[in-house]
Amino acid sequence: MSTFILFIALAVTLSFPSILVYLILTDSVRQKARFLEFRKDIPRFTFRLLALGSFLWLLSVWTAVSSTQWIDPHLLPTPQAVAEAFVGLFSGGQVLFDIGISVTRILVGFFPAALTGTFIGLLAGNFRSLYAVIIPPNTFVRYIPPTAFIALLIVWFGLGEPLKVSLIALGIFFFLVQMTMDAVRAVPLEYLEVAYTLGTRRGGVFWRVTLPAALPDIMVIWRINISAAWTFLVVAEFLGATQGLGRLLNESFRYNRIPQLYATILLIGFIGLIFDLFFEWILMKARLSWRKYYVES
Amino acid sequence: MNTLLSLNRVSKTFTPRIEAIRDVSLEVKENEFICILGPTGCGKSTLLRLIAGLEQPSSGIISLNGQTIKGPGSDRGMVFQKYTSFPWLTVEENVAFGLKSQGVPHDERRGTVEHLLKEVGLWDFRHAYPSTLSGGMQQRVALARTLAVNPRVLLLDEPLGALDAQTRSEMQLLLLSIFMNSKHTILFVTHDIEEALFLGQRLIVSGPRPFEVRHDMAIPFSYPRPSDLRTSTPFANLEQQVTMLLRRLILEARTNDPSLCESSRSA
């Protein structure tokens, strides 16, 4: 059985890149359709096939490398071993609790910081006077790695919940301000001028012109920063927590459960993927599709 | 008829020392359709922006109904050459934008918006987003959006400049019919002589920058204007006359200041 799996894995490992290289070199899928076409949509089926192939290839390389034991199996367990550990994680039920705690911390750390950071970015992007007040100090703090604050945060808050939430908030806030400010400044001035000549007051220009005009960019900024939030969450939980996915990483590491460590890392990846799909869905649904210029239809 | 808009010795110099408008005095009467003609970059757009209140004059006074203009307001509506429909709003919501800004309740807005969308021929597209529309349709959205707040003066800054010839002449007829129906006061900036003569009842001509009123004349064709007016002999003669005039102004500017050669050639 395992030789069969190894055979399949080796076949995929070698054939997928070969097929890809073949497609790129001949530059055709079928007649007329070029493989490399600038920003042109491809059939959904082809897209899924390529994406699936890409995942399968990674899995195959891993299977091939681990089964042949080129690398110490303790360092790189087989996918089967990791899959077993993955199932093992869920058998206890504790992991669901860990996921819940971690996601809650992300939400509590991210949303208040994201909302205030976005608002302050809107102010800085719209008003040059507030830009002068906000952006220079913001840039100064932004260049300090958020992890440099960890020791200070522990002194302030101890190892409890405030540490996790504040590290996430600190890690994303200053980037959100800067990026939102840039997005607002990219809004064409004509939109504002049109609004003025239609008798719109400043509040209206702020909330009904600059905010919606920058909103698709702001959603992208949120999407980028929520993945950064996970980084800081894991760091904070690794330092000392009794629940959470970072705690699970730490525990797997301490008790030398390497397959479980891999399983937890993958689990965090899957949760990240779900978050990302959620933002993608918001971008599509929340009347922000005007930015896409109807490429798909 | 009453003077609606008056410019009294208005000049505008941008820092650093670019003279855009030089000593312009102008009286605009109610219900006048004025075309402002000049080579590209002559400062005619700046003139509209001053009237709109989007820029402040360096000297001189602009007043509407005797009130000095200090900033932008809905009594002076502007349509730009660039497509400025708000892409996050549907056609209908774009047209309602100004009324909503002014706190007009939904039910009252509805009637105005419906009437205007029908007038500019976009009723069937009311739920569409601007990015799905052609250039001509986008300019109709912009026009309807401006008309919705019922401005005293319509400032049109080369609104048809980016359109193809066919769409352009359709839009000219639309503008004329809007002017005929509701008797707006219109200031229309263009660098196209034929367009200026076909639309306006008064023509103001400037040479290359800085903008100056070099000629101010009545265009002697009565409304309504059929589209074949453009091919008539009197129209062709007048067009020829204005072409010569504009050419003379450009040449004159060139001899006075040889450095202008480049900019006037591109015009």
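Which loop of chain B holds Glu158(B)? Glu158(B) sits in the loop between strand S7 (153-157) and H5 of chain B.

**Notes for every view.** This is a predicted model, in which local features need pLDDT of at least 70, side-chain atom pairs count only at pLDDT 80 or more, and totals for chains, interfaces and linings use all residues. Residues are numbered from 1 along each chain as its sequence is written, chains are lettered from A and ligands numbered from 1 in the order in which they are written, and side-chain values use heavy atoms, with hydrogens and water left out. Helices (H or I, at least four residues) and strands (E, at least two) are DSSP runs, numbered from the N terminus.

**View 1. Confidence along chain A.** pLDDT is the predictor's confidence in each residue, from 0 to 100. Chain A has a mean pLDDT of 89. In chain A, 94% of residues reach 70 or more. Residues 293-297 of chain A stay under 50. For that stretch the model has six contacts beyond four places in sequence; contact means heavy atoms within 4.5 Å. Where pLDDT is low, the predicted coordinates should not be read in detail.

View 2. A cavity is a set of points, on a 1 Å grid over the protein atoms alone, where a 1.4 Å probe fits but cannot get out; lining residues have an atom within 4 Å of a point. Grid points are joined across faces, edges and corners, and a volume is the space filled by probe spheres set on the points. The count comes to two cavities of 30 Å³ or more.

View 3. Val141(A), Arg142(A), Ile144(A), Pro146(A), Phe149(A), Leu170(A), Gly171(A), Phe174(A) and Phe175(A) form the lining. H7(A) gives the most, with four. By class, the lining has seven nonpolar, one polar and one charged residue.

**View 4. Arg9(B) and Asp23(B) across two strands.** Arg9(B) lies in strand S1 (residues 3-14) of chain B, and Asp23(B) is in strand S2 (residues 18-29) of chain B. A polar contact of 2.9 Å joins their side chains. A polar contact is a pair of N or O atoms within 3.5 Å; within protein, one must be able to donate a hydrogen and the other to accept it, and residues adjacent in sequence count only if both atoms are side-chain atoms. Beyond four places in sequence, Arg9(B) touches Asp23(B), Val24(B), Ser25(B), Ser59(B) and Gly60(B). Arg9(B) counts as exposed, at 52% relative accessibility. Asp23(B) is partly exposed, at 37%. Buried means under 20% relative accessible area, exposed over 50%, partly exposed in between (1.4 Å probe, protein chains only). Phi of Asp23(B) is positive, near 50°.

View 5. Glu158(B) has a positive phi, near 45°. Glu158(B) is buried, at 8% relative accessibility. The peptide bond from Arg209(B) to Pro210(B) is cis, with omega near 0°. Pro210(B) is in the loop between strand S9 (202-205) and strand S10 (215-218) of chain B. Tyr223(B) and Pro224(B) are also joined by a cis peptide bond, with omega about -5°. Pro224(B) lies in the loop between S10 and helix H7 (233-256) of chain B.

**View 6. Helix H8 of chain A and its packing.** Seven of the nine residues of H8 (residues 189-197) are buried. Among them are Tyr191(A), Leu192(A) and Val194(A). The buried residues pack against helix H9 (202-239) of chain A, together with helix H1 (44-52), strand S6 (76-79), helix H2 (91-101) and H4 of chain B. Gly199(A) follows H8(A), with a positive phi near 80°.

**View 7. Thr210(A) in helix H9.** Thr210(A) belongs to helix H9 of chain A. Thr210(A) is buried, with a relative accessible area of 2%. Its side chain reaches the backbone oxygen of Phe206(A) at 2.7 Å. Contacts of Thr210(A) beyond four places in sequence include Leu122(A), Asn126(A) and Leu192(A).

Conventions:
1 Å grid on protein atoms, 1.4 Å probe; cavity = no way out; pocket = protein on both sides within 12 Å on 5 of 7 lines; lining within 4 Å. Nonpolar A, V, L, I, M, F, W, Y, C, P; charged D, E, K, R; others polar.
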